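User: I would like to go through the labels used for this model and ask what each one rests on.

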Amino acid sequence: MTELICTTCPRGCHLKVDENNGFKVTGNACKRGEVYGYNEVTNPKRVITSTVRTASAEYPRCPVKTSEAVPKAKMFEIMKLLDDIKLDVPIKCGDIVIKNVLDTGADFITCKDID
């Protein structure tokens, strides 16, 4: 039995996920909590936020994030891909830095305009 606190809303339901009973979720107040508990135990995912180097003297780093959640197990491998990237200016918010990172379906995108 795994115990979690649901993060899908501010309510913070205390969930229990029974791995021996088909990953049955209890303690949730809504369907979203059930989905969250199941996914968190079977295939946890996270949105990754970080920064990359830029060619700008004024803004030497640009914030980036994944366009959607990626498997938690691949986070360190995904982060390593950012080490050698240096973006040329101008940079527009939403520019794709890495498309379909490690075949996850998510892109790394920029989160700031830099001229």
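User: Why is H14 called exposed?

Analyst: In this predicted model, H14 has a relative accessible area of 59%. Exposed means over 50%, so H14 is called exposed. H14 belongs to strand β2, residues 14-18.

User: Which residues is H14 in contact with, leaving aside its neighbours within four places in sequence?

Analyst: They are L4, I5, T26 and G27. Contact here requires heavy atoms within 4.5 Å.

User: What makes β6 and β10 paired strands?

Analyst: Strand β6 (residues 61-66) is joined to strand β10 (residues 108-110) by 3 bridges. Pairing takes at least two bridges, so these two strands pair. They run antiparallel, and V64 has T110 of β10 opposite.

User: Why are β8 and β9 said to stand at the edges?

Analyst: The open sheet has 5 strands in the order β8-β5-β6-β10-β9, with mixed pairing. β8 (86-87) and β9 (96-98) each have a single partner strand, so one side of each is without a neighbour in the sheet.

User: What makes the lining of the largest cavity count as 5 nonpolar and 4 polar residues?

Analyst: The lining consists of C6, T8, C9, G12, C13, N28, A29, C30 and G33. Cys and Ala count as nonpolar, and Gly is among the polar residues. The lining has no charged residues. The volume of this cavity is about 50 Å³, and the search of the whole structure finds 1 cavity of 30 Å³ or more.

How values were computed: Residues are numbered from 1 along each chain as its sequence is written. This is a predicted model: local features need pLDDT of at least 70, side-chain atom pairs count only at pLDDT 80 or more; totals for chains, interfaces and linings use all residues. Side-chain values use heavy atoms; hydrogens and water are left out. Helices (H or I, at least four residues) and strands (E, at least two) are DSSP runs, numbered from the N terminus. On a 1 Å grid over the protein atoms alone, a cavity is a set of points where a 1.4 Å probe fits but cannot get out, and a pocket is an open set with protein on both sides within 12 Å along at least five of seven lines; lining residues have an atom within 4 Å of a point. Grid points are joined across faces, edges and corners, and a volume is the space filled by probe spheres set on the points. Buried means under 20% relative accessible area, exposed over 50%, partly exposed in between (1.4 Å probe, protein chains only).
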